Amino acid sequence: MEKWPLRWFELLLPRHLEIILEIDRRLREELLARWPDDNDRAERASIVERGGARLVRMAHLAIAGSHSVNGVAEIHSRLLRDVTVRDLAELYPDRFNNKTNGVTPRRWLLLSNPDLAGCINEAIGDRWVTDMERLETLRPLAEDGGFVSSVRQAKRAAKLRFADWLKSQAGISVDPDTIFDSQVKRIHEYKRQLLNGLRIVALYRRLRENPHLDIAPRTFFFAGKAAPAYHVAKVIIKFLNNLGDTINGDPATRDRLRLVFLPDYCVSVAERLIPASDVSNQISTAGYEASGTSNMKFMMNGALTIGTRDGATIEMAAAAGEENFFLFGLTAEQVATSRGWYSPWWHYENEPETRAVLDLIMSGHFCRHEPMIGETLRNILLAGGDPYMHLADLASYMEADMRLQSLYSEPDAWTRRAILNIAGSGKFSSDRTIAEYANDIWNVEPCPVR
Ligand SMILES: *Cc1c(COP(=O)(O)O)cnc(C)c1O
């Protein structure tokens with residue numbers, strides 16, 4: 001969480017600083033009144049961090065000044081209370097609550113996916129557009145052959161439309177008969193685009209070792225921007241582009257694996273790609289993704305999620321039924337308790353595929369003219385201790401990926417699960433989220449629209 005040097009306030013915002021110091025003084029007074037003699041707690045919970053150069057803890061300042069504080073998914077609200085700002089949650093227990101994020105079904109389904117929206121309307125009418133919980137009534141239709149087939153056709157239509165758009169915009173051809181497997185979000189180490197890259201290298205290696213391997217042809221899509229000064233994130237973008245150039249150009253694999261990195265990711269790109277996706281990758285290190293919202297956009301568009309138990313993905317899996325998700329990897333509790341002794345080297349030394357994947361990357365196979373990229377990845381994944389624990393989750397990601405591939409080979413079973421996901425996505429409408437803010441925090445009534 002952000003801590004700003006107090007010195008900056010002295011130079012730039014001296015009046016703000018006076019006020020912040022007064023808020024800090026009163027907060028410390030309140031803490032010591034409640035827990036006399038507990039100076040450690042007052043120190044931990046206060047706004048100005050002392051000892052060395054003084055820092056202003058921005059989150060503590062925000063909490064001191066708010067009447068209501070929430071995380072944006074159940075796990076995030078719980079971590080705030082129990083770990084991140086525990087002392088303040090104990091001081092102000094009534095302020096803390098949860099508001100799980102949502103996305104608008106008008107933009108993310110009705111407008112962006114006319115094929116699927118039409119097919120839902122035909123089955124249950126269009127009242128879901130302003131009352132998303134109505135999608136529950138699709139659940140029994142997962143057993144209806146006619147509906148299953150129309151949902152499958154809607155997905156195919158969305159894939160064709162996206163493929164045409166991609167061809168006309170970027171001159172890139174993709175095959176709608178392959179699995180469209182997407183990870184689109186800001187580039188960040190905790191979101192683990194690199195873990196997805198490791199999976200793709202592992203599949204590439206398996207195919208090169210065994211050209212007759214029976215694996216479903218797949219197109220991997222990445223999109224996302226890096227923050228301007230986040231050097232490592234830019235190296236990850238370059239690595240994924242190089243990985244794409246190699247596998248798309250390799251005669252041994254190019255008919256079955258393709259990787260497309262879409263430039264300039266934005267909402268308009270998301271509105272086109274998400275309806276066309278079969279698979280949604282939500283693979284953050286558990287405990288790091290506050291909520292996520294692209295996970296919800298994919299779910300209401302009938303993609304199946306392969307992901308970790310993090311953010312709102314946990315609640316999505318509960319709503320759809322965990323058997324309709326491909327969950328894998330360490331839980332947030334396991335991440336927290338094992339990070340002290342975790343070593344990526346154990347996985348490198350004891351898992352032959354993990355080792356082979358890393359050796360291939362570090363050999364420069366994908367970045368022949370850019371040795372700095374292999375060096376940076378080696379630092380992130382091995383020498384630097386792998387703080388986001390990519391290697392801890394790679395084997396279980398591969399195992400979940402095998403389950404995914406085997407389900408895809410049964411189109412009806414796949415589409416049934418997609419329907420159960422759509423049916424369970426009602427909770428993730430921002431209409432629900434906003435109604436909760438209005439009722440529990442803002443105390444405002446809805447304004448009737450005539
Ligand atoms: C939804 C959305 C996001 C958020 O994606 P996450 O996977 O939840 O991080 C980011 N950028 C764009 C353009 C989006 O549409």
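Trainee: Which residues surround the ligand?
Mentor: Trp108, Val184, Lys185, Lys191, Tyr265, Cys266, Val267, Ala270, Gly292, Thr293, Ser294 and Lys297. Keep in mind that the model is predicted.

Trainee: How does that shell split by class?
Mentor: Six of the residues are nonpolar, three are polar and three are charged.

Trainee: And which helices each supply at least two residues of the shell?
Mentor: α12, which spans 267-276, and α13, which spans 294-300.

Trainee: What is 2.6 Å from an oxygen atom of the ligand?
Mentor: An N or O atom in the side chain of Lys185. Lys297 also has a polar side-chain atom 2.7 Å from a ligand oxygen. With Thr293 it is a backbone N or O atom, 2.7 Å from an oxygen of the ligand.

Trainee: How much of the ligand does the protein bury?
Mentor: The ligand alone exposes 390 Å², and 82% of that is buried by the protein.

Trainee: Changing topic. In the largest nonpolar core, which residues touch the most other members?
Mentor: Phe239, Leu243 and Phe366, in a core of 63 residues. In soluble globular proteins, nonpolar side chains tend to be buried together.

Trainee: What does Phe239 touch, leaving out residues up to four places away in sequence?
Mentor: Leu194, Val201, Ile361, Phe366, Cys367, Ile373 and Leu377.

Trainee: How many residues are in the second core?
Mentor: That separate core has 52 residues, including Ala73, Val260, Phe298 and Ala312.

Definitions and conventions
Residues are numbered from 1 along each chain as its sequence is written. This is a predicted model: local features need pLDDT of at least 70, side-chain atom pairs count only at pLDDT 80 or more; totals for chains, interfaces and linings use all residues. Side-chain values use heavy atoms; hydrogens and water are left out. A residue is near a molecule or strand if one of its heavy atoms lies within 4 Å of it. A polar contact is a pair of N or O atoms within 3.5 Å; within protein, one must be able to donate a hydrogen and the other to accept it, and residues adjacent in sequence count only if both atoms are side-chain atoms. Accessible areas come from the Shrake-Rupley method with a 1.4 Å probe; for residues, only the protein chains shown count as cover. Helices (H or I, at least four residues) and strands (E, at least two) are DSSP runs, numbered from the N terminus. Ala, Val, Leu, Ile, Met, Phe, Trp, Tyr, Cys and Pro count as nonpolar, Asp, Glu, Lys and Arg as charged, and the others, Gly among them, as polar. A nonpolar core is a set of buried Ala, Val, Leu, Ile, Met, Phe, Trp, Tyr and Cys residues joined through side-chain atoms within 4.5 Å. Buried means under 20% relative accessible area, exposed over 50%, partly exposed in between (1.4 Å probe, protein chains only). Contact means heavy atoms within 4.5 Å.
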